[in-house]
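Subject: Structure for you to look at

Hi,

Here is the structure I promised to pass on. Have a look at it first, then read my notes below with the model open beside you.

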Amino acid sequence: MNPTKENNKTIISLQNVGLRYGTNAEVLKDINLEIASGEFYFLTGASGAGKTSLLNLIHLANRPSRGKIKIFGKDIDYIKQKDMANIRRKIGIVFQDYRLLDHLSVLDNIALPLRIIGKTEKYIHTHVPELIEWVGLKKFINEKPPFLSGGQQQRVAIARAVINNPNILIADEPTGNVDEEMAKKLLFLFLELNKMGTTIIIATHSKNLIKQFKFPVLHLENGYLTKE
């Protein structure tokens with residue numbers, strides 16, 4: 001499924017959202033955010049500022065302690081459990097800890113989202129190797145994650161997240177374990193997805209990438225979110 005741009009259509013909405021874990025103080029406070037289909041944002045903030053927590057709310061891994069969240073125009077408080085999986089399939093995620101399956105090859109890890117939605121093996125063996133070559137892992141196509149470096153695992157995780165052209169792509173420090181040249185190449189991959197209509201949020205500490213690509217910045221500090 002290829003996402004298409006729908007100008008000015010809000011695809012992510014957070015209204016007065018707060019998040020706390022247990023009885024601890026709120027990690028996120030009074031978050032108000034609206035992101036339209038096809039937009040691209042960087043998310044910044046010091047370590048521990050709540051970037052991962054905010055991304056987890058957007059891809060529905062966590063529920064807020066208060067406030068309202070709408071994804072694709074649907075209030076998550078009223079989404080039926082059976083519909084939640086369909087919504088999550090429209091969201092590509094690059095986790096900081098990769099979450100690859102150690103018993104699967106590079107090709108099979110990346111192909112997993114395609115198999116879940118029923119793509120044919122012919123389709124998979126045509127398109128997945130092209131993306132593997134793009135992220136510089138052609139020599140490792142049949143290797144398994146435990147035998148890859150951290151940077152190589154990161155690239156597998158990114159390829160898996162983008163392989164089915166998600167409507168929303170969320171990436172938590174996706175260039176943290178790769179060199180500057182590969183970081184730029186990966187950002188160009190995200191840029192191509194964005195041109196096709198994918199809404200993208202990338203958490204990063206890299207001032208160089210932010211300066212070079214000049215997309216708007218969301219900044220978290222002391223639990224509060226501002227746009228820069």
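Four strands make an open sheet, in the order 2-1-4-5, and their pairing is antiparallel. Strand 2 (28-36) and strand 5 (74-75) are the edge strands, since each of them pairs on one side only. For the terms: helices (H or I, at least four residues) and strands (E, at least two) are DSSP runs, numbered from the N terminus, and two strands pair if DSSP finds at least two bridges between them. At one end of that order, strand 4 (residues 66-71) and strand 5 run antiparallel and are joined by 2 bridges. If you want to find the spot, Ile71 has Lys74 in strand 5 as its bridge partner.

Before going on, two notes on the numbers. This is a predicted model, so local features need pLDDT of at least 70 and side-chain atom pairs count only at pLDDT 80 or more, while totals for chains, interfaces and linings use all residues. Residues are numbered from 1 along each chain as its sequence is written, and side-chain values use heavy atoms, with hydrogens and water left out.

Strand 8 (residues 199-203) has 5 of its 5 residues buried, so the rest of the structure largely encloses it. Buried here means under 20% relative accessible area, exposed means over 50%, and partly exposed is in between (1.4 Å probe, protein chains only). Thr199, Ile201 and Ala203 point one way from strand 8, Ile200 and Ile202 point the other way, and all are buried.

Which strands does strand 8 pair with? Strand 7 (residues 168-172) pairs with strand 8 in the parallel sense over 5 bridges, and Ile170 has Ile201 as its partner there. Strand 3 (residues 40-44) also runs parallel to strand 8, with 4 bridges joining them. Along that pairing, Phe40 stands opposite Ile200, and Leu43 has Ala203 as its bridge partner.

Strand 3 is mostly covered too, with 5 of its 5 residues buried. On one side sit Phe40, Phe42 and Thr44, on the other Tyr41 and Leu43, and all of these are buried. Strand 3 also runs parallel to strand 9 (residues 217-221), joined by 3 bridges; look for Thr44 opposite His219.

Next, helix 1 (residues 51-58): how many of its residues are buried? The count is 7 of 8, so to speak a mostly covered helix. Among the buried ones are Lys51, Asn56 and Ile58. Just after helix 1, Leu60 has a positive phi of about 65 degrees.

Finally, the whole protein. It has 7 helices and 10 strands. Its radius of gyration (taken over C-alpha atoms) is 17 Å, close to the 17 Å from the globule rule (2.2 Å times the number of residues to the power 0.38) for 228 residues, so the protein is as compact as a globular protein of that length. The C-alpha trace spans about 45 × 40 × 35 Å along its principal axes. Of the 228 residues, 51% count as buried. Take the contacts (heavy atoms within 4.5 Å) between residues at least 6 apart in sequence: 71% of them join residues at least 24 apart.

Happy browsing!
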